[in-house]
Amino acid sequence: YQITLNNSLPVPLADLSIQDDFPAGFRYIEGSARVDGVALEPTRTGRRLTWTNLGIGASASRTIVMLLAVGAGVSEGEFVN
């Protein structure tokens, strides 16, 4: 999965928390999360992943990537985080 954050404001934003709730039947692969290519583990609470203390520069973007495993009971289809 990939999450892209875009700051269209002309000022930097500091101390952001990003939360992602992944679908039922999926499992986060520990150690797989990267923020702009740098390993950064989120806090995990059930199906919610949270990255804290992130900042983003003025008119900039950041990218979070992670791996999720698909459980055997998950049917084919489109899933929304």
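**Close-up views of a predicted model**

**View 1. Asp36 sits in the loop between β4 (34-35) and β5 (38-39).** Strand names like these come from DSSP runs numbered from the N terminus (a helix is H or I with at least four residues, a strand is E with at least two). Before going on, a quick note on what you're looking at: this is a predicted model, where local features need pLDDT of at least 70 and side-chain atom pairs count only at pLDDT 80 or more, while totals for chains, interfaces and linings use all residues. Residues are numbered from 1 along each chain as its sequence is written, and side-chain values use heavy atoms, with hydrogens and water left out. Back to Asp36: this residue has a positive phi of about 50°, even though it isn't a glycine. With 41% relative accessibility, Asp36 counts as partly exposed. That label covers the range between buried (under 20% relative accessible area) and exposed (over 50%), worked out with a 1.4 Å probe on protein chains only.

**View 2. Arg62 and Asp36 are joined through their side chains by a polar contact of 2.7 Å.** A polar contact is a pair of N or O atoms within 3.5 Å; within protein, one must be able to donate a hydrogen and the other to accept it, and residues adjacent in sequence count only if both atoms are side-chain atoms. You'll find Arg62 in strand β8 (residues 61-65). Skip its neighbours within four places in sequence, and Arg62 is in contact (heavy atoms within 4.5 Å) with Ile3, Thr4, Leu5, Val35, Asp36, Leu54, Gly55 and Ile56.

**View 3. Ser59 lies in the loop between β7 and β8.** Here's a positive phi of about 50° on a residue that is not a glycine. Is Ser59 buried or exposed? Ser59 is exposed, because its relative accessible area is 57%.

**View 4. Leu54 is part of strand β7.** As for Ala39, Leu54 is 15 residues away from it in sequence and 13 Å away in space, going C-alpha to C-alpha.

**View 5. Tyr28, Trp51 and Met66 have the most contacts inside the largest nonpolar core, which has 15 residues.** A nonpolar core is a set of buried Ala, Val, Leu, Ile, Met, Phe, Trp, Tyr and Cys residues joined through side-chain atoms within 4.5 Å. Two or more residues of this core come from each of β3 (26-28) and β7 (48-56), and β7 gives the largest share, with four residues. Take a look around Tyr28: leaving out neighbours within four places in sequence, its contacts are Phe22, Ala33, Glu41, Pro42, Arg44, Leu49, Met66, Leu67 and Leu68.

**View 6. Tyr1, Phe26 and Phe79 make up one aromatic cluster.** Rings of Phe, Tyr and Trp (its six-membered ring) pair if their centres lie within 6.5 Å; planes under 30 degrees apart are stacked, over 60 edge-to-face, and the rest tilted. By that rule, there are two aromatic pairs. In the Tyr1 and Phe26 pair, the ring centres are 6.4 Å apart and the planes meet at 75°, so this one is edge-to-face. Tyr1 is in the segment before β1 (2-6) and Phe26 in strand β3, so this pair links distant parts of the chain, 25 residues apart. Phe26 also pairs edge-to-face with Phe79, at 5.2 Å centre to centre and 65° between the planes. Phe79 is in the segment after β9 (68-70), so this pair ties together parts that are 53 residues apart in sequence. Phe26 counts as buried at 11% relative accessibility, whereas Tyr1 is partly exposed at 38% and Phe79 is partly exposed at 33%.

**View 7. Three strands line up in an open sheet, in the order β2-β7-β6, with antiparallel pairing.** Strands pair when DSSP finds at least two bridges between them. At the edges are β2 (13-21) and β6 (43-45), each pairing on one side only. On average, neighbouring strands here are turned by 25° against each other, direction ignored. Such angles use axes that are lines fitted to C-alpha atoms (for helices, over the stretch in contact) and run from 0 to 180 degrees between N-to-C directions. How many bridges join β6 and β7? There are three, in the antiparallel sense, and Thr43 stands opposite Thr50 in β7.
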